[in-house]
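Subject: Structure for you to look at

Hello,

Here is the structure I said I would hand over. Please open it first, then read the notes below it.

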Amino acid sequence: METQRINDLLYRYLHKTATPAEREELFLLVKSLNNDAPVDDVLSRIDVALLPPMPLPEESGREILEAILRAAPATPVVAAPVHRVHFLRKWRWAVAVALVLGVALAFWMNRKDAPAPDLVKMDVRDVAPGKEGAVLTLADGSQVVLDSMGNGLVATQHGAQAVIRNGQLVYEPTAQTSGEVLYNTMSTPRGRQFQVMLPDGSKAWLNCASSIRFPTVFSGQQRVVEVTGEVYLEVAKNTGQPFIVQLPNQSSIEVLGTSFNINAYEDEPIVKTTLLEGAIQYKRGTEVQKLVPGDQVQDDAQARTGLRKKQVEDIEEIVAWKNGYFSFSGTNFSTIMRQLARWYNVEVVINGEVPTRSFSASVSRNISLENLLKAMEVYGIRSSYENGRVVITP
């Protein structure tokens, strides 16, 4: 069996186009690859060109892959020699993740010689992952639900009109203006995310349970917006009119033209602002931290400590949510559970002591809650679901 055949089957499976026969063939081939072979040798046989480049620490990848292989069907398969495909070592653990969230789930769900795991006995098929959608609150207090709107006009206000264009809310200037400053607020409920192009051409991506408040026309000496939750901003450059972001904790960010991510959820203990491009300065009271690309400032007002600045090792992890992924690298359990609760719009209850160890994984945000909870069993995390509550038993 050639390596290309394995790649083709894996691609079809991950894109949900594989037939039952092709799925069975893929499961058995992956199992047969490990006939007394080291884990590294198994990984080196898989081409990762079709998979997202989300590397994991080696210990995590090895543990995951070995768990997959132990769970594979026992039916022996005789395959022709497979040509080895060599690639950089840092890519190997991306393969392990893809197998966990794709092939491993199929092992458990399609085995005929063993029942489904007892750890997840639930019906969560109606719990879909989050999607595009938001609520626009106009200056007069009226609200427009943007979830299912197609391209077209949403509202016309003094100096601007709001339109939907290709899944994004866009503000366009008009000739008519009264000089009055009107404010709109775009907010995303739990389980929703959306994009908006502001009146100055700046772009904002809102993660679930987030908001941005802005004027329909930027006038005066500054461009001021207010954000909550998690927002990624690409600010249009205008040196004569600085861009100011006001945060719920009374801190602010001054920008000239740049790209950065803000994580300021109320249920997160620390406000984190990460700079991707350009330059910003973060202010809290009289304290100021200037950031260069790759810097992250951490604001822990509860601890009454000063602003802490650090260099981020993996900038892609910070904006993974915007690009359609959950990305965890040494992330604590509670933080992960808060992210899942917001995206799937469920309540998460931890029954027992919260695990103290950290976790590393990368997975599409399009995965169903049902399959995600099954995948978590690889880490020894038990779960059950009832009436909108996910009960976790570590």
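In which hand of crossing does H7 pass H8? The crossing of H7 and H8 is left-handed, meaning that the near helix is turned anticlockwise from the far one by less than a right angle.

Some background: this is a predicted model, in which local features need pLDDT of at least 70 and side-chain atom pairs count only at pLDDT 80 or more, while totals for chains, interfaces and linings use all residues. Residues are numbered from 1 along each chain as its sequence is written, and side-chain values use heavy atoms, with hydrogens and water left out.

The two helices

H7 covers residues 333–344 and H8 covers residues 369–376. Helices (H or I, at least four residues) and strands (E, at least two) are DSSP runs, numbered from the N terminus. The pair packs at an angle of about 165°, with axes 12 Å apart; axes are lines fitted to C-alpha atoms over the stretch in contact, and angles run from 0 to 180 degrees between N-to-C directions. H7 and H8 are therefore roughly antiparallel (an angle over 145 degrees).

The largest pocket

This pocket has a volume of about 940 Å³. On a 1 Å grid over the protein atoms alone, a pocket is an open set of points with protein on both sides within 12 Å along at least five of seven lines, and lining residues have an atom within 4 Å of a point. Grid points are joined across faces, edges and corners, and a volume is the space filled by probe spheres set on the points. Of the 40 lining residues, Lys272, Gln296, Glu317, Ile318 and Thr331 are the closest to the centre. Strand E20 gives the largest share of the lining, 8 residues.

The cavities

There are 3 cavities of 30 Å³ or more; a cavity is a set of points where a 1.4 Å probe fits but cannot get out. H7 supplies the largest share of its lining, 3 residues.

Regards

Definitions and conventions: Angles under 35 degrees count as roughly parallel, over 145 as roughly antiparallel, 65 to 115 as roughly perpendicular and the rest as oblique.
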